[in-house]
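Please keep the sequence and the structure at hand while reading.

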Amino acid sequence: MLNEFSRTQLLLGPEGMERLAGARVAVFGIGGVGGYVVEALARSGVGQLDLIDDDRVCLTNINRQIYATHATVGRHKVDAAEERIREIHPRCVVRTYKTFFLPETQTQFDFTQYDYVVDAIDTVTGKIALVMAAEAAGTPIISSMGAGNKLDATAFRVADIYQTSVCPLARVMRRELKKRGVRRLKVVYSQEKPIRPLEDLSISCRNHCICPSDTQRRCTDRRDIPGSVAFVPSVAGLIIAGEVVKDITGRQTGAQPR
C-alpha cells in the first residue's frame, strides 16, 4: 500500500523501513545542522525522535535553520521541530528536552535507550560528554564538526575523527578524545579552511543582541559569533542523517534492496 515513505522503501526495502520505524534516535542540538538531521530522519520514517536543545528561535537563525521562521521567533526550537514532525510523520513518537547538554546535565538521559545518537552541539565539553556517554552505553554516535564560517558545501567528508584535517574543532576533539582513550568516532567535517567573518559592528550580535528576552544563553556570552549561510550547515545535517539511516538499515550506497 502506498504511503508517505513508499519512495524511500523502493531503495531501502521493507526490512529497512521496519528498522527505521523501530528505531529511537536522539539528536542533541536542533540548530543549523541538527534541525536538518531531524527533518531528514522524520521524512525517512524513524519511529522515535528525542530532541534536546534549550534554545529559542532568534531572528538571526532564519538564514540557516529549518525550524526558524518569522512565525516561530521566540519559541523553543524543540517545540517548533516537534510541531513540524507531527505534520510530516504523525506516527513518530517525539520527546523534547529543553536542556543545554553538558556533563552536569547528562544524567537526565539514558543512552542505552537510544539506537543512535547525533551530536550537533557546539561546545567541546558537551561534545566530549556525549561521546563518552554513548561509548559507555555501547550506542552508535556520529558527531558534527565545525560548520560555521564556511561557504563550500562540497567540502564535507565522513571520516573517523583521527583521519580528519583542517577543521579546528576536529583538531581539539582529536586531542581530547585521545587523552580519554576513545579509539574511534564517526564525524562529518569540512576540509574547507574557515573564513574570517567581517568585523561589522552595525550587525554584530555582541553589540546588538536580539535573543528572545528569556533566553538563558545569550550570544553575548559566546567567545566567538561565527558567520553562516543556508547551504552549508544544511548539507552537513543531511549527510549526518544519511549516515544514520544507512547504519540503522545496514544499507550502503549502491546496494540493491531485497
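Rings of Phe, Tyr and Trp, the last taken by its six-membered ring, are counted as a pair if their centres lie within 6.5 Å, and a pair is called stacked with planes under 30 degrees apart and edge-to-face with planes over 60 degrees apart. In this predicted model, Phe28, Tyr97, Phe101, Phe109, Phe111 and Tyr114 form one aromatic cluster.

**Aromatic pairs**

- Across the whole structure, a search finds seven aromatic pairs; in one of them the ring centres of Phe28 and Phe111 are 5.8 Å apart and the planes meet at 5 degrees, so this pair is stacked.
- Phe28 belongs to strand E1 and Phe111 to the loop between strand E3 (93-97) and E4, so that the pair links distant parts of the chain, 83 residues apart.
- Both partners are shielded from solvent by the 20% cut-off for burial, since Phe28 has a relative accessible area of 0% and Phe111 has one of 5%.
- Tyr97 and Phe109 make an edge-to-face pair, with 5.1 Å from centre to centre and 65 degrees between the planes.
- Tyr97 lies in strand E3, while Phe109 lies in the loop between E3 and E4, 12 residues apart; Phe109 counts as buried, at 7% relative accessibility.

**Nonpolar cores**

- The largest nonpolar core contains 39 residues, and those with the most contacts inside it are Val25, Leu41, Leu49, Leu51, Val118 and Val244.
- Two or more residues of this core come from each of helix H1 (6-21), E1, helix H2 (34-44), strand E2 (48-52), helix H3 (77-88), E4 and helix H6 (233-249), and H6 gives the most, with six residues.
- Val25, leaving aside its neighbours within four places in sequence, is in contact with Leu41, Val46, Gln48, Leu49, Asp50, Tyr116, Val118, Val244 and Ile248.
- Another core, of 28 residues, lies apart from this one, and includes Phe109, Val131, Ala133 and Val187.
- In soluble globular proteins, nonpolar side chains tend to be buried together.

**Helix H4**

- Helix H4 (residues 124-137) consists of 14 residues and reaches 20 Å from its first C-alpha to its last, which is close to the 20 Å expected at 1.5 Å a residue.
- The buried residues of H4 are Gly126, Lys127, Ile128, Ala129, Leu130, Val131, Ala133 and Ala134, and they pack against strand E1 (24-28), strand E4 (116-119), strand E5 (141-144) and helix H5 (168-179).
- Just after H4, Gly138 adopts a positive phi of about 70 degrees.

**Overall fold and dimensions**

- The protein has six helices and seven strands, and from the N terminus on its elements run α-β-α-β-α-β-β-α-β-β-α-β-α.
- The radius of gyration is 18 Å, close to the 18 Å that the globule rule gives for 258 residues, so the protein is as compact as a globular protein of that length.
- Along its principal axes, the C-alpha trace spans about 55 × 45 × 35 Å.
- Of the 258 residues, 49% are buried, and the protein exposes about 13100 Å², of which carbon and sulfur atoms supply 52%.
- Among contacts with a separation of 6 or more, 69% are between residues 24 or more positions apart.

Technical notes: Residues are numbered from 1 along each chain as its sequence is written. This is a predicted model: local features need pLDDT of at least 70, side-chain atom pairs count only at pLDDT 80 or more; totals for chains, interfaces and linings use all residues. Side-chain values use heavy atoms; hydrogens and water are left out. Helices (H or I, at least four residues) and strands (E, at least two) are DSSP runs, numbered from the N terminus. The expected span of a helix is 1.5 Å times one less than its number of residues. Buried means under 20% relative accessible area, exposed over 50%, partly exposed in between (1.4 Å probe, protein chains only). Contact means heavy atoms within 4.5 Å. A nonpolar core is a set of buried Ala, Val, Leu, Ile, Met, Phe, Trp, Tyr and Cys residues joined through side-chain atoms within 4.5 Å. The radius of gyration is taken over C-alpha atoms; the globule rule is 2.2 Å times the number of residues to the power 0.38. Accessible areas come from the Shrake-Rupley method with a 1.4 Å probe; for residues, only the protein chains shown count as cover.
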